[in-house]
Amino acid sequence: MIRSVVLSTILLIVCSFAQSTWFGGIAIFGVVPDISLVVLIWVSYKNGLVEGPAAGFLSGLVEDFLSASPLGFHAFVKTAVASLTALLHGSFFIDRLLLPILLGVAGTLVKAIAAFALFLLFGSTIHIYSIVDRVLWIEAAYNGLIAPIIFLALTPLSRFLVTEHGRG
Amino acid sequence: MSDQNPRGGSRGHRAAAPILLAASLLCLIISTRSLEGVPESLGLTVFGFFQRGFAAVGGFFSDSVASIAELQRLRENYRELSTKLERYTNMERGIADLREENKRLKEQLDLSQEISYQRIAARIIAKDPENLYSTITIDKGFGGGIRKNMAVIAFQDGMEGLVGRVVEVGQGTSKIVPLYDTKSFVASRLSGGSRTEGLVGGQGSPDDPLLMRFVKKRVKDEVQFGDLVVTTGFESVYPSDVAVGRVKKVRVLDYQTSIDIELDPVLDFSRLEYVFVIKTEVVPEAQPDATVPATSHGSDEGKQQ
């Protein structure tokens, strides 16, 4: 379990670093895909209620250091997304296309809702998505589109990132 | 009876997510109420180091690809600069005379010092990992003389423009909140005849126009398309007369006592590579320093992009 959490966290942190430094070139209307979120969804779906949220919390905390967000913002959002995804653990068979797209889009929307919940609690220091703004929908579509590719790429890494219980 | 469940293990395991969510909230409570950015600064120092590494790797590849085009451009620049140098050499004598005259006049006016700004050049190495916040990370930190709340400017197409301000400083990297961030506000004025003041804020995206609010309604006829908006310098953060944007559209609403003006930023943020962090302090006029001194406006020194 610890190995899965540690390796997943490292992978998620690497994704965050890549997003912040290299992904400017693939932005669509200034919106970059959230690859670390898609990876987190995969890790959480495969592992269940401990590894995903733990990796989400730790990688979110690192993301808070790289962002202007208050410390704990990304940690909360990523833990929330991971926890909800983990609840689906074992419920569906992940196909090559449809479920990854759905999970990518839904994960982005959950992220937006979690940010809004924090905004209600902590006020103006928290940035939120606007449902009428293009950023949320472009990011949701982008994450949905890349999710099948990311899921496919992560499958060979299952033995490192998924616990024996998760592999079932 | 077993307390295992098919979705993720024991009862203890199920408690993990709520515990982690609570820990996140605790971090938020601490970071929004107290400790004044200490954990953020420490984290930035540690993880900024790795971020610099990532930026360096990315930079190596992109620089290698761009180097051929760069060489051609440098050759052209060299030719241009050689011509300019020749012209400036001829102008030098006249400038020396003017400088001497300026000095004499200043002495007469009892102005032995002038307010000038020291600039610290820095390279943008990263942006916010996600789309909600608009952080820009630069490769200079506490060790490079950067401090919290310093203003940041850049030069583009021969124009000096405001980028934003430093919000967090690590040892080797710093975070900047740019002008277009929704939480960024700059006291500004129209540089045309009216000199009317307002508050310029961002709308969250570098592609969206800036919004100048609280501009007196009576000046609506004086505002022209393309008028330059500059900082007032009333706040201690931003120096005065740094260009912010140009008037794009005037919004007049009958029920409001003020007008809103949409501005095009003078800088294209997507093309920014280098910035200058401004150390606002009074320095002797001719004091040499490792950093680049410049007057508050009109300078065309520094990195042209």
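Predicted model: local features only at pLDDT ≥ 70, side-chain atom pairs only at ≥ 80, totals over all residues.
User: Is E5(B) mostly covered or mostly open, and how many of its residues are buried?
Analyst: One side of E5(B) holds B:Ser174, B:Ile176 and B:Pro178, and the other holds B:Lys175 and B:Val177. Both faces are covered, and these residues are all buried. E5(B) is therefore mostly covered, as a residue is buried if 20 or more other C-beta atoms lie within 10 Å of its own, and the buried count is five of five.

User: Which residue stands opposite B:Val177 in E5(B)?
Analyst: Strand E4 (residues 159–169) of chain B pairs with E5(B) in the antiparallel sense over five bridges. The two strands form a hairpin with four residues between them. Opposite B:Val177 in E5(B) stands B:Arg165.

User: Which residue stands opposite B:Ser174 in E5(B)?
Analyst: Strand E2 (residues 136–138) of chain B is joined to E5(B) by three bridges, and the two run antiparallel. Opposite B:Ser174 stands B:Ile138.

User: Which residue stands opposite B:Asp260 in E11(B)?
Analyst: Strand E10 (residues 243–251) of chain B pairs with E11(B) over six bridges in the antiparallel sense. Six residues lie between the two strands of this hairpin. The residue opposite B:Asp260 is B:Arg251.

User: Which residue stands opposite B:Glu262 in E11(B)?
Analyst: Strand E8 (residues 210–216) of chain B and E11(B) run antiparallel and are joined by five bridges. The residue opposite B:Glu262 is B:Leu211.

User: How many strands does chain B have?
Analyst: Chain B has 305 residues, and buried residues make up 34% of them. Its secondary structure comes to two helices, and the strands number 13.

User: What distance separates the centres of the two domains of chain B?
Analyst: Chain B is divided into domain 1 (37–114) and domain 2 (115–282). Taken over C-alpha atoms, the centres of domain 1 and domain 2 of chain B are separated by 20 Å.

User: How are H2(A) and H5(A) oriented to each other?
Analyst: Helix H2 (residues 35–47) and helix H5 (residues 98–122) of chain A pack with their axes 10 Å apart, at an angle of about 105 degrees. Angles of 65 to 115 degrees count as roughly perpendicular. H2(A) and H5(A) are therefore roughly perpendicular.

User: Which residues of H5(A) make the contact with H2(A)?
Analyst: By class, this contact has five nonpolar, three polar and one charged residues. From H2(A) come A:Leu37, A:Val38, A:Ile41 and A:Tyr45. From H5(A) come A:Leu103, A:Gly104, A:Gly107, A:Thr108 and A:Lys111.

User: How is H2(A) oriented to H3(A)?
Analyst: H2(A) and helix H3 (residues 51–66) of chain A pack at about 155 degrees, and their axes are 7 Å apart. Angles over 145 degrees count as roughly antiparallel. H2(A) is therefore, relative to H3(A), roughly antiparallel.

User: Why does A:Trp42 count as buried?
Analyst: A:Trp42 is in helix H2 of chain A. Leaving aside neighbours within four places in sequence, A:Trp42 is in contact with A:Ile150, A:Phe151 and A:Leu154. A residue is buried if 20 or more other C-beta atoms lie within 10 Å of its own. A:Trp42 counts as buried because its C-beta neighbours inside 10 Å number 28.

Definitions and conventions. Residues numbered from 1 in each chain as written. Chains lettered and ligands numbered in written order. Domains from an automatic or database assignment. Axes fitted to C-alpha atoms, helices over the stretch in contact; angles between N-to-C directions. Parallel < 35°, antiparallel > 145°, perpendicular 65-115°, else oblique. Contact = placed C-beta atoms within 7 Å. Nonpolar A, V, L, I, M, F, W, Y, C, P; charged D, E, K, R; others polar. Pairing = 2+ DSSP bridges. Buried ≥ 20, exposed ≤ 12 C-beta atoms within 10 Å, placed from the backbone.
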